[in-house]
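This briefing goes through a structure shown below, topic by topic. Please keep the sequence and the 3D view at hand while reading.

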Amino acid sequence: MATWPESTRLIGTRITRLDGMAKASGRAKYPSDIHPEGMLFGVMLTSPYANAVVKAIDIAAAKKLPGVKAILVLVTPGDAKLIYEGQEIAAVAAETEEKARDAARAIKVDYEVLPHVVTERQSMATDAPKPFPGANTRPARAVTLGKPEEAMQKADVTIEATYELPVITHVCLEPHGLTAERKGKDSIVAYASTQSVLGVAKDMVDNLGVDASNVTVLTEMR
Amino acid sequence: MYSMITTSVTTPELATRNPRAQLEVNGQEMSCTVEPRSTLLDTLRNRLDVTGPKRVCDRGSCGACTVILDGDPVYSCTTLAISCREKTIETVESFDTGENGVPHAFHQKDALMCGYCTPGFVTASKSFLDKHPGQSPTLEDVKRGLDGNICRCGTYIGVFEAALAAARSMKGT
């Protein structure tokens, strides 16, 4: 049987963070700090509406702007349904971030704007607009222990109330993004701010047609 | 305690002129092309590869981009690069990393976790201490001095301890 050692080597000692000095001195390189030669900046055009249909999209003027290298339209005009504000419509790559923003702004989108809901109560109303196909609700999940209904009936006093919690988001300061560098035609190195390096690698394989063995994902700062 | 920098709005026509700007960063003369609308932060990070200051909110709320401009802490995300010509720009990379420096105090007091806000806090601390040489700030003083920065890991206790420790070592006690 294991016994507690007479003296411990690490437990109870004060150990400074291995990457503490790199971070405190500004020398730590996060994915957002990596700027390979010739790097292009990506900017997304996102939906300003919470419920809309993209009827037409025109990238001709945006494409002609100086420094614009590529524009990728991510929706099919006609049947593209936007179901939240901020939903991706197109992606622009340009020589500088400013130029990429100019180009994203120059993309002309013809929207059919539909009514939207903001709160859960509005969303559950019978006549609520339904951005999601089917319904705005999902099946509830409940964990029941004991016999609550019986207990309520037997209780001397009962109080009923509705309890609600807002969505909780960590909002870490480091942006979730990545810098990717093509090393030749068939391999790629990605510096990613992620908790899933394997997930990022799989995305590279699935979307860029690179062999898994030629994908490197680096997340050095945690 | 942040200084306000007067900024002006430019038109896209003006933006295409792209003047060159000579900037003094960490004692070094650096030169690059900037658009009149380019912020000091983006210019430092994207054109001069000075990546210590971090871009988070990009709207003067979080403090991760803090640099010292002519002795004052400023949000470099809301400062135009072109307005910084003939001014002295200090970023976290130039600070003394020795035992009496602010970065050392942050390291020793475990004043960081993910570290993304840390360059801003270190810079704000350095600026605060530079402005109060030889003094012994209280916890309240330090809190007020660093009230332009936020941390989402919740390292504030360590940050305040580090700033106080750095004040002590700079005073030599």
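This is a predicted model: local features need pLDDT of at least 70, side-chain atom pairs count only at pLDDT 80 or more; totals for chains, interfaces and linings use all residues.

Two strands are taken to pair if DSSP finds at least two bridges between them, and strands themselves are DSSP runs of E with at least two residues, numbered from the N terminus. With that in mind, L45(A) stands opposite A90(A) in β5(A).

- In chain A, three strands form an open sheet in the order β1-β5-β3, and their pairing is antiparallel.
- Because β1 (41-46) and β3 (68-73) of chain A stand at the edges with a single partner strand each, one side of each is left without a neighbour in the sheet.
- Averaged over this sheet, and with direction ignored, neighbouring strands are turned by 20 degrees against each other.
- β1(A) and β5 (residues 88-94) of chain A run antiparallel and are joined by six bridges.
- Strands of a sheet pair through backbone hydrogen bonds, in either a parallel or an antiparallel way.
- Across β1, β3 and β5 of chain A lies α3(A), which runs at about 25 degrees to β1(A).

**The contact between chain A and chain B**

- On the side of chain A, 31 residues are in contact with 34 residues of chain B, and the area buried between the two chains is about 2900 Å², of which carbon and sulfur atoms give 49%.
- Within chain A, the residues that lose the most area to chain B are R17(A), E98(A) and L173(A), which together account for 24% of what that side buries.
- Seven salt bridges are counted between chain A and chain B; one of the salt bridges links R55(B) with E97(A), whose closest N and O atoms are 2.8 Å apart.
- Polar contacts between chain A and chain B come to 20 residue pairs, with both residues at pLDDT 80 or more.
- At least two residues of the side of chain A that touches chain B are supplied by each of α1 (20-24) and α3 (97-106) of chain A, and α3(A) gives the largest share of that side, five residues.
- Sorted by class, the side of chain A that touches chain B holds nine nonpolar, nine polar and 13 charged residues.

**Backbone angles**

- Most residues other than glycine have a negative phi.
- V171(A), although not a glycine, has a positive phi of about 55 degrees, and V171(A) is found in the loop between α5 (148-154) and β7 (178-182) of chain A.
- E86(B), also a residue other than glycine, has a positive phi near 65 degrees, and its place is in the loop between β4 (72-75) and β5 (88-90) of chain B.

Methods: Residues are numbered from 1 along each chain as its sequence is written. Chains are lettered from A and ligands numbered from 1 in the order in which they are written. Side-chain values use heavy atoms; hydrogens and water are left out. Contact means heavy atoms within 4.5 Å. Buried area is the accessible area (1.4 Å probe) that two parts lose on being put together, summed over both. A salt bridge is a side-chain nitrogen of Lys or Arg within 4 Å of a carboxyl oxygen of Asp or Glu. A polar contact is a pair of N or O atoms within 3.5 Å; within protein, one must be able to donate a hydrogen and the other to accept it, and residues adjacent in sequence count only if both atoms are side-chain atoms. Helices (H or I, at least four residues) and strands (E, at least two) are DSSP runs, numbered from the N terminus. Ala, Val, Leu, Ile, Met, Phe, Trp, Tyr, Cys and Pro count as nonpolar, Asp, Glu, Lys and Arg as charged, and the others, Gly among them, as polar. Axes are lines fitted to C-alpha atoms, for helices over the stretch in contact, and angles run from 0 to 180 degrees between N-to-C directions.
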